[in-house]
Amino acid sequence: MACDSPREPLLSGSSNPNPRMSSVATAQKRRVLRRARSAPQASLAPPAPAGKDSDPVPLAESIFGKLHPSIKQVAVYLAIYLGLGTLSFYFVKDDFIGKKTNNLLDALYFCVVTMTTVGYGDLVPNSSAAKLLACLFVFTGMALVALIMSKAADYLAEKQEILLLKAMHRDIIGPSEVRKEAGTKKAKYKCLLAAGIIGVLMAVGTIFLHRVEHLGLVDSFYCVCSTVTTLGYGDKSFSTSGGRLFAVVWIILSTLGLAQLFFYVAEVFTESRQRELVNWVLARKMTAVDLEAADIDSDGHVGCAEFVLYKLKEMGKITQDDIMVVTEEFEGLDVDQSGSITACDLVLAQPTEANK
């Protein structure tokens, strides 16, 4: 590639004294900034093996076509925990006292109740070995719950990004409108969805306790509430084999679902405060002090890029450290120190074979 071609910086100033040409150049600069895109997704994908063509990575394949890696990882950890816990508590089954049904089912039921910190008290360890074992699994269970919450948040965030990209490619509405709509209502939609799921789980649990465990409607709802919130008073619990088999799945879903709901509620309030700050920043009038602070290169003029950076800093979107890191990367790519980056700079900035 030849590197002696004349440069045409996108956002450099024009020396044309014609006011009309100057206004056209300014409009072009604004259009360039509005068209600025993030890094292509393909550049973030792992490189293709040697000798194979680098086909585009099917972004939606891992979520909609196959099981997501985060869900696989959580499922493996959960299966290991429940498997080891069930076997461990089964081997010390004689050291437990309380309402017993089936030894293997009781071991699995006690493992789930321990992991979710419900702790009804209908089955309790009665020896030193069983108590120490329960202490071990209650801490590892809480760590597993934290991991599940983290992976669930990652999965939902990635799924939202995929849906956003698909909507943008359909060209139903403009990309800027899609981003604005997703940014302002995404957290509320997730919060409402989580609340609906919790409502369904609580209704199912109440009906099941009333029909199978033969509790009154009030007692059934009382037991559901104490279980979902992990209080587990213990005066009402699952005492039959069918009830405990149902509880193994229902307790995990309901307790994690409520925790996820609280997480989304906190996210809604956080985003609301952030939007209030953004609106305040955008509505505030520019002062001479702001002009001086926004003038990064201290030339007495504030360009569009400088103004955008200053406003983003005020909104809390970026920090000065973020700007310094990006600036250092830019200076590393600007090999000839001309103030702009071209394809020649990218070629020259690549490490040579001798330096690898």
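Reader: Why does Trp250 count as buried?

Author: This is a predicted model, so its values are computed. Trp250 has 3% relative accessibility. Buried means under 20%. Therefore Trp250 counts as buried.

Reader: What makes the pair of Phe246 and Trp250 stacked?

Author: Two values decide this. The ring centres lie 6.1 Å apart, and pairing needs centres within 6.5 Å. The planes make an angle of 20°, and under 30 degrees counts as stacked. Therefore the pair is called stacked.

Reader: Why are Phe246 and Trp250 separated by about one helical turn?

Author: Because they are 4 residues apart in helix H8.

Reader: Which residues do ring pairs link into a cluster with Phe246 and Trp250?

Author: Tyr109, Tyr120, Phe208 and Phe238 join them in that cluster. A search of the whole structure gives 14 aromatic pairs.

Reader: What does Tyr120 touch, leaving out residues up to four places away in sequence?

Author: Its contacts include Tyr109, Val113, Cys223, Phe238 and Ile251. Tyr120 also belongs to the largest nonpolar core, which has 46 residues. There, Phe89, Tyr120, Phe238 and Ile251 touch the most other members.

Reader: Which helix gives the most to this core?

Author: H8 does, with 10 residues. Among the other helices that supply at least two residues each are H3 (69-91) and H5 (128-170).

Reader: How do you know that the charged end of Lys93 sits over the ring of Tyr90?

Author: The charged end of Lys93 is 4.5 Å from the ring centre of Tyr90. The distance limit is within 6 Å. The position must also be within 35 degrees of the ring normal. Lys93 is listed as sitting over the ring.

Terms used. Residues are numbered from 1 along each chain as its sequence is written. This is a predicted model: local features need pLDDT of at least 70, side-chain atom pairs count only at pLDDT 80 or more; totals for chains, interfaces and linings use all residues. Side-chain values use heavy atoms; hydrogens and water are left out. A nonpolar core is a set of buried Ala, Val, Leu, Ile, Met, Phe, Trp, Tyr and Cys residues joined through side-chain atoms within 4.5 Å. Buried means under 20% relative accessible area, exposed over 50%, partly exposed in between (1.4 Å probe, protein chains only). Contact means heavy atoms within 4.5 Å. Rings of Phe, Tyr and Trp (its six-membered ring) pair if their centres lie within 6.5 Å; planes under 30 degrees apart count as stacked, over 60 as edge-to-face and the rest as tilted.
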